[in-house]
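Subject: Structure handover

Dear colleague,

I am passing on the structure below, together with some notes on what was found in it. Please have it open while you read.

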Amino acid sequence: MHIGFEDEHIAVAWKPHGLLTSGNDGNTFLRKVSKHVQAQNRSEIAACHRLDFPTSGWVVFGKNVAATRAMGQLFAERRVHKAYLALVHGALPPSLLLEWPLEGKQAVTTAQCLAQGTIAGGGAVSLALLRPLTGRTHQLRRHLHGVGHGIVGDDTYPHAGGIYRGKGLFLCAYELDFEHPIVAGKRVRVQAPPSKKFTKIPFVHRSDFIAQLRLSSHA
């Protein structure tokens, strides 16, 4: 269990891919976190947001009702800054602003190309830094798919050239940055590299960012 931040109010933990954040399934990330973190009343621990089943990355948990409610308000007000890493099909331009509605609601994503390379069975790929400025269902996956740069391993929004079936969905929420929901004046920022599958791609035209990922990637 990788805990990026924890105090008496909240915990921020890294969810592996292939695991539900919460729900009725007995094997959820919420259940695992509840057993691991310190809390006065474990029954009050709750996920303040969700990551899709195939997506890895940071998830914030409230340890009591007040903290969960306050953290949920920060998400609702878009005061939680999120950054994702994704491996996408094709040669991504240096930067993109993806802005079109989803389900009739405003949806905005920025994308920055960090490196380009190739992957067996998937052809040309790019490593992208994604920042969702809104929070719609499958927003990143749908926006990237909509411009022809679908995320590698996404069988819900498949790339036109075929689905890469090697290591699952190449998407992770690698950074969260927000004001503490309870402690005034305290800022919480957690960052971690993705799983090793990202760093095994033979990238070219890569930035120093890629070298840093290779030094400290998750198993």
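Strand β10 (residues 187–191) is joined to β9 by five bridges, and the two run antiparallel; in β10, Arg-189 is the bridge partner of Asp-177. Strands pair here if DSSP finds at least two bridges between them, while strands (E, at least two residues) and helices (H or I, at least four) are DSSP runs numbered from the N terminus.

Please note that this is a predicted model, in which local features need pLDDT of at least 70 and side-chain atom pairs count only at pLDDT 80 or more, whereas totals for chains, interfaces and linings use all residues. Residues are numbered from 1 along each chain as its sequence is written, and side-chain values use heavy atoms, with hydrogens and water left out.

Strand β9 also pairs with strand β5 (residues 81–89), in the antiparallel sense and over six bridges, with Ala-83 standing opposite Glu-175 of β9. With β4, by contrast, β9 runs parallel, and two bridges join them; Gly-57 has Ala-173 in β9 as its bridge partner. Eight of the nine residues of β9 (residues 171–179) are buried, so this strand is largely enclosed by the rest of the structure, where buried means under 20% relative accessible area (1.4 Å probe, protein chains only).

Turning to helix α1 (residues 29–36), its buried residues are Phe-29, Leu-30, Val-33 and Ser-34. Seen down the axis of α1, these fall within an arc of 135 degrees, so they line one face of the helix; the arc is that of the directions from the helix axis to the C-beta atoms.

Best regards

Terms used:
Buried means under 20% relative accessible area, exposed over 50%, partly exposed in between (1.4 Å probe, protein chains only).
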